[in-house]
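Hi,

Here is the structure I promised to pass on.

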Amino acid sequence: MSYLTYLNCTVNSCANNKGEKCCRPNIYVGGKSAVSFSHASCGSYTSSDRAGAATNSVFDGVYKKPNEALNISCDATECKYNALNMCNAEKISIRNGSNGAECGSFQMK
Ligand code: SF4
Ligand code: SF4
């Protein structure tokens, strides 16, 4: 099963971010044992330093167009929006947190 989730992301230090949207077609959120949003973090985060350093790489020039909605795979199975390791929320927010780019929409089952 695949879901499309509207995503707002305020992690401006990520190379995939443009105007608080994610340019990737999909993201992975990690946090197998997450019991709060601070433990569910975006594993697709890419430092913009790395983007600047990339000259002739595959990375350079891809993921430049912001997506309103995307597929999100997620390991935080304690979250009520987690359905067989996919996020089925209509909309989520990724934001800067104590452990990186955290999912601010995490809710315990
Ligand atoms: S932190 Fe994650 S959701 Fe946000 S722009 Fe980067 S890859 Fe996309
Ligand atoms: S809302 Fe829940 S299932 Fe969706 S990405 Fe965030 S932690 Fe994962």
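Below is what I found, going from the overall picture to single residues.

First, the housekeeping. Residues are numbered from 1 along each chain as its sequence is written, while chains are lettered from A and ligands numbered from 1 in the order in which they are written. Please keep in mind that this is a predicted model, where local features need pLDDT of at least 70, side-chain atom pairs count only at pLDDT 80 or more, and totals for chains, interfaces and linings use all residues.

On confidence: pLDDT is the predictor's own confidence in each residue, on a scale from 0 to 100. The protein averages 88, and 88% of the residues score at least 70. The stretch to treat with care is residues 51-60, where pLDDT stays under 50. The model has six contacts beyond four places in sequence for that stretch; a contact means that two C-beta atoms, placed from the backbone, lie within 7 Å.

Now the fold. The protein has one helix and ten strands, in the order β-β-β-β-β-α-β-β-β-β-β along the sequence. Of the contacts between residues at least 6 apart in sequence, 71% join residues at least 24 apart. Buried residues account for 31% of the 109 residues. Buried means 20 or more other C-beta atoms within 10 Å of the residue's own, exposed means 12 or fewer, and partly exposed is in between, with C-beta atoms placed from the backbone.

β1 pairs with two strands, β6 and β9; pairing here takes at least two DSSP bridges. With β6 (residues 69-74) it runs antiparallel over two bridges, and Y6 has A69 as its bridge partner there. With β9 (residues 91-97) the sense is parallel over four bridges, and N8 stands opposite S93.

What surrounds the two ligands? A residue counts as near a molecule if its C-beta atom, placed from the backbone, lies within 6 Å of it.

- Ligand 1 has 13 residues around it, the closest being C9, C14, N17, C22 and C42. That shell divides into nine nonpolar, three polar and one charged.
- Ligand 2 has 14 residues around it, the closest being C74, C79, Y81, C87 and C103. Its shell has twelve nonpolar, two polar and no charged.

For these classes, Ala, Val, Leu, Ile, Met, Phe, Trp, Tyr, Cys and Pro are nonpolar, Asp, Glu, Lys and Arg are charged, and the others, including Gly, are polar.

K21 sits in strand β3 (residues 21-22) and counts as partly exposed because it has 18 C-beta neighbours inside 10 Å. Leaving aside neighbours within four places in sequence, K21 is in contact with C9, P66, N67 and E68.

Most residues other than glycine have a negative phi. E20, in the loop between β2 (17-18) and β3, has a positive phi of about 65°. N85, in the loop between β7 (82-83) and β8 (86-87), has a positive phi near 70°.

Cheers
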